[in-house]
Amino acid sequence: MTDTATAYLAERFLRQIQRAAAKAKQDVRAFCNTNSQSFDKLAKQANVQYNHFVRTSEPDHRFAVQHFWLMLKERGYIYESKHEGWYSVSDETFYPSSAVHLRLDPATGRKFMASQETGKEVEWVSETNYHFRMSALRDRLLEFYASSPQFVEPASRMQDVVQQVTDGLTDLSVSRPVARLSWGIPVPDDTSQTIYVWLDALVNYLTKANYPFQVPGQEHAAGWPADVHVIGKDIVRFHCIYWPAFLLALDLPLPKQILTHAHWTLAHEKMSKSKGNVVNPFYALERFGSDTMRYYLVHSGGIQDDSDYDNQYIIDRYKQLQGNLGNLVTRVVRGKGWSVRRAVTSGRTDDSPEGKAHVETLERLPSAVEHWLAKLHPGAAIKQVLAVVQQTNQYMQKSSPWDLSARTDEHGVPRGIIHLPTDQHIRKVDSIIYLCAESIRICGILLQPVMPQRMRHLLDLMGVDEGRRMFQDAVLGADREYGTPLVDVGKGREGVVFPPLESDY
C-alpha cells in the first residue's frame with residue numbers, strides 16, 4: 001500500500017540477558033544468537049516484512065552508539081558522578097523514592113520494594129557512573145511538545161508525558177560499572193563502564209539510517225526522521241522523554257510521531273510468565289493462520305485501553321468475516337443469471353435511491369480509511385471497511401438481483417415470459433452486480449495490509465490484475481478490466497475466501 005521502513009530490536013535488556021545466559025550456562029553472545037532467531041522466525045511466520053532486523057551487538061550499531069556518546073560528551077551533556085537509587089533489573093532503569101513502594105508476595109509472604117509503575121522488584125544501588133544532563137533540556141522538551149501536540153498518540157499519554165516533564169526532570173544515569181554489567185557497549189573513553197541499555201537501544205533507530213555517515217543535504221534519504229515509532233505503553237518514558245532529550249542535545253531531528261498502544265490481557269489479567277498466563281504466538285499462528293491473527297490483533301487490539309485475548313474471540317471474528325465478506329464474494333462470483341465481467345464492462349451504477357446511497361458510501365470509503373490510518377488507528381480504519389461490506393450485503397439482499405436474473409440466463413437470453421424489456425432487465429441486474437463487485441474490489445484492496453494472503457485470493461477471484469491493487473486503485477470506477485476470475489471459483493476450499501476453521505474451540 002505504502003512504503004514503510006521497519007526495524008526489529010534484539011538484546012535490549014542487557015543485564016537480564018546476562019543473567020539468563022548464565023542460568024542457561026551459555027556464552028552471552030551464543031545465547032543471543034539463539035534467541036534472536038526466534039524473533040526472526042516469528043516475523044516470517046506472521047508474514048511481517050521489514051527492511052532491517054537490528055541486533056544491538058552488530059559492529060555498525062556499536063560504532064554509532066559510541067559516536068553518539070562522544071558527541072554528547074563534547075557538548076557537555078555527559079559528566080561523572082556517584083549515583084544512588086532504586087534500580088529495577090527487569091525494567092533496566094532507576095526509580096526515585098517517590099516511585100517505589102513496599103509490596104507483599106501473597107504466595108510466599110515475602111516483602112520487597114517495587115516500582116509503582118510496573119510492579120517489578122527494585123534494589124538499592126550505590127555506584128559511580130556517568131550521567132546525562134537531562135534536567136537542562138526540560139524547557140526545550142516542553143517547547144517541542146507545545147509545537148507538536150500530536151507527537152504522542154493517544155492524547156492522554158501525551159498529557160502524561162507533558163506533565164512528567166513539567167514536574168521536573170532529574171539527570172539520568174547513562175552507564176553501569178562493567179563489574180555489574182559486562183554485556184553491552186563499552187563507554188568509548190572508559191572501558192570500566194558499560195553504556196546504559198536504553199541509550200544503546202534507542203540509537204538503533206539511527207544506526208540503519210547510516211548515522212553518523214549521512215551525506216550532507218541528504219540526511220533524510222535513509223529514512224530518518226521516522227514517520228512513526230510504534231511502542232507499548234510500558235516504555236513511553238524512554239521513547240517520549242529520554243529519546244527526544246538525547247536527540248535535542250545533538251540538534252538531531254526527532255521522530256514525527258510515536259504511537260503508544262495498550263497491552264493484551266488473558267482472562268482480564270496482565271500476562272506473566274511467572275503466572276503461566278501467556279500465549280505462544282507460534283501455536284496461535286499455526287492454528288489460525290497469519291491472516292486471521294493479523295486481522296484479530298488489528299481489529300480488537302487496544303490503543304487507549306487493554307484488550308483481552310481469547311481463542312473464542314478469534315473464532316468469532318473469523319466467522320464474522322466468513323458470514324459477511326466471504327458470503328458476499330461467493331454470492332457475486334458464483335451467482336447464476338449474471339456475468340460479473342459484463343457488469344464491469346458496462347460500468348453502470350444502480351440509479352435507485354439505494355444504489356445512489358451506496359455509490360456515495362463507496363466514494364467516501366477511501367478517504368475515511370486514510371483519515372483513521374493518519375490518526376494511527378488501524379482498527380478504526382478496517383471497521384470502516386467492514387461497515388461497507390455489511391452495507392453491501394444489505395443492499396444486495398434488498399435489490400435481489402437473483403429474482404430479476406431468473407428471467408434471463410447469464411448471457412441475457414430470455415427465460416419464459418418477460419415482464420420488462422430484456423435490455424432494460426439486463427441493465428438493472430448489471431448495475432446491481434457492478435456496485436456489489438466494486439464494493440468487493442475496493443474493500444479487498446483496502447484490507448490487503450491486514451490480510452495479504454486472503455485478500456490476494458479475493459482479488460484473484462474477482463479477476464483484478466496484480467498491477468491494479470494499490471490504494472489509488474480503491475476508487476469507484478477506477479478499474480474496468482476485471483471480472484474474469486484468475487483462479488478456479490468452483491466448489492471447495494479453493495473457491496472461497498475464508499474456508500472453515502479446523503476446529504471451533
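Does Cys443 count as buried or exposed, and at what relative accessibility? Cys443 counts as buried, at 1% relative accessibility. Buried here means under 20% relative accessible area, exposed means over 50%, and partly exposed is in between, with a 1.4 Å probe and protein chains only.

Before going on, the ground rules. This is a predicted model, where local features need pLDDT of at least 70 and side-chain atom pairs count only at pLDDT 80 or more, while totals for chains, interfaces and linings use all residues. Residues are numbered from 1 along each chain as its sequence is written, and side-chain values use heavy atoms, with hydrogens and water left out.

Back to the cysteine. Cys443 sits in helix H16, residues 422-446. Helices (H or I, at least four residues) and strands (E, at least two) are DSSP runs, numbered from the N terminus. Contact means heavy atoms within 4.5 Å. Setting aside neighbours within four places in sequence, Cys443 is in contact with Leu365, Val385, Val388 and Val389. Leu365 is 78 residues away along the chain, and its C-alpha atom is 8.7 Å from that of Cys443.

Now the whole protein. It has 505 residues, and 47% of them count as buried. There are 17 helices and 17 strands. Along the principal axes, the C-alpha atoms fill a box of roughly 95 × 55 × 40 Å. Of the contacts with a separation of 6 or more, 73% are between residues 24 or more positions apart.

The accessible surface is about 24,900 Å², and carbon and sulfur atoms hold 51% of that. Those areas come from the Shrake-Rupley method with a 1.4 Å probe; for residues, only the protein chains shown count as cover.

On charge, there are 57 positive and 59 negative, and their mean positions are 4 Å apart. Lys and Arg count as positive, Asp and Glu as negative, and His and the chain ends are not counted. Each charge is placed at NZ of Lys, CZ of Arg, CG of Asp or CD of Glu.

Next, the backbone. Most residues other than glycine have a negative phi, and most peptide bonds are trans. Here are some exceptions in this model.

Two are cis peptide bonds. One joins Glu153 and Pro154, with omega about 0°. Pro154 is in the loop between strand E8 (152-153) and helix H5 (155-166). Another runs from Tyr211 to Pro212, with omega near 5°. Pro212 is in the loop between helix H7 (204-207) and strand E13 (228-232).

Then positive phi. Asp251 has phi near 55°, and lies in the loop between helix H8 (236-249) and strand E14 (257-261). At 51% relative accessibility, Asp251 counts as exposed. His268 has phi near 65° and is in the loop between strand E15 (264-266) and strand E16 (269-270). His268 is exposed too, with a relative accessible area of 63%.

Which strands form it, and in what order? Three strands make an open, antiparallel sheet in the order E10-E12-E11. The edge strands, E10 (175-177) and E11 (186-187), each pair on one side only. Two strands pair if DSSP finds at least two bridges between them. E10 pairs with strand E12 (residues 190-195) over three bridges, in the antiparallel sense. Within that pairing, Pro177 stands opposite Gln193 in E12.
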